[in-house]
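Thank you all for coming. I would like to walk you slowly through one protein, going from the whole fold to a few single residues.

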Amino acid sequence: MIDSRIALIHATPLAVRPIAAAFEANWPQAQLMNLLDDTLSSDLAKAGSLNQAMVQRIGDLASYAKAQGVHGILFTCSAFGAAIDVAKQTVGLSMLKPNEAMFDEALDVCSKLTHAGRIALLTTFAPAGASMQEELQAEATKRGLEVHIENICIASAMDELNAGNGAVHDALIVAGARMLPACDVYLLGQFSMARAKLSMENALRAPTLTSPDSAVRRMKLDLN
């Protein structure tokens, strides 16, 4: 569907530019609709975990997008996976969690190895890390793959990005990755981290996947 209309649902404005760039690179024909609730992340940080009110908010955003005639919905904040699962069941449509496609691509890499794959999962928003690791491990188990997941949160990098210091953000992510054992594939867990991909690959000489690029590739495949 060349003229597919896709709703992008954001919890931070930092995700808007990376996903727009990913669509421009991978699927420029798609029509994009951006929905931003920039209190979701701060409310989640205050609450400490997903609650029913947040699950309802995610569902309401998805329902609104569906009512506008979109063909698919892509969420860009990685901390709301369980709520998005509920929305998938109630709203329908082609709908992706932020890191769903990236996890699949990482496990595809590991499936070709002759040893247990080692995956680095890097985040900059602390509430996202644990749930993302659980999702990745669950998918690996479903596939029958043995993987070792190295999880690190570099919260200071997001602070720098919010302050407009993109180069410092990228350098902090690379430094965080270097603190981990060598891995077969590196995952940048937040959409806002995608800008560090080239720095990561130059520094570590290993594949680095970003959630925006992986998500756009999957959404395009699903709708065409």
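This is a predicted model: local features need pLDDT of at least 70, side-chain atom pairs count only at pLDDT 80 or more; totals for chains, interfaces and linings use all residues.

Let me begin with contacts, where contact means heavy atoms within 4.5 Å: among the contacts in the protein with a separation of 6 or more, 70% are between residues 24 or more positions apart. Residues are numbered from 1 along each chain as its sequence is written, and side-chain values use heavy atoms, with hydrogens and water left out.

The secondary structure comes to 10 helices and eight strands, taken as DSSP runs numbered from the N terminus, with helices being H or I of at least four residues and strands E of at least two. The radius of gyration, taken over C-alpha atoms, is 17 Å, close to the 17 Å that the globule rule gives for 224 residues, so the protein is as compact as a globular protein of that length; that rule is 2.2 Å times the number of residues to the power 0.38. The C-alpha trace spans about 45 × 40 × 35 Å along its principal axes.

Of the 224 residues, 50% are buried, where buried means under 20% relative accessible area, exposed over 50%, and partly exposed in between, with a 1.4 Å probe and protein chains only. T123, which lies in strand 5 (residues 117-123), has 0% relative accessibility and therefore counts as buried. Leaving aside residues up to four places away in sequence, T123 touches G129, M132, I152, C153, I154, G189, Q190 and M193.

One of those neighbours, C153, brings us to the cysteines. How many disulfides does the count come to? The count is zero, a disulfide being a pair of cysteine sulfur atoms within 2.5 Å. The sulfur of C153 is too far for a bond, because the closest cysteine sulfur, in C77, is 12 Å away. C183 is likewise in no disulfide, and its nearest cysteine sulfur, that of C110, is 9.4 Å away. As for accessibility, C153 is partly exposed at 35%, whereas C183 is buried at 10%.
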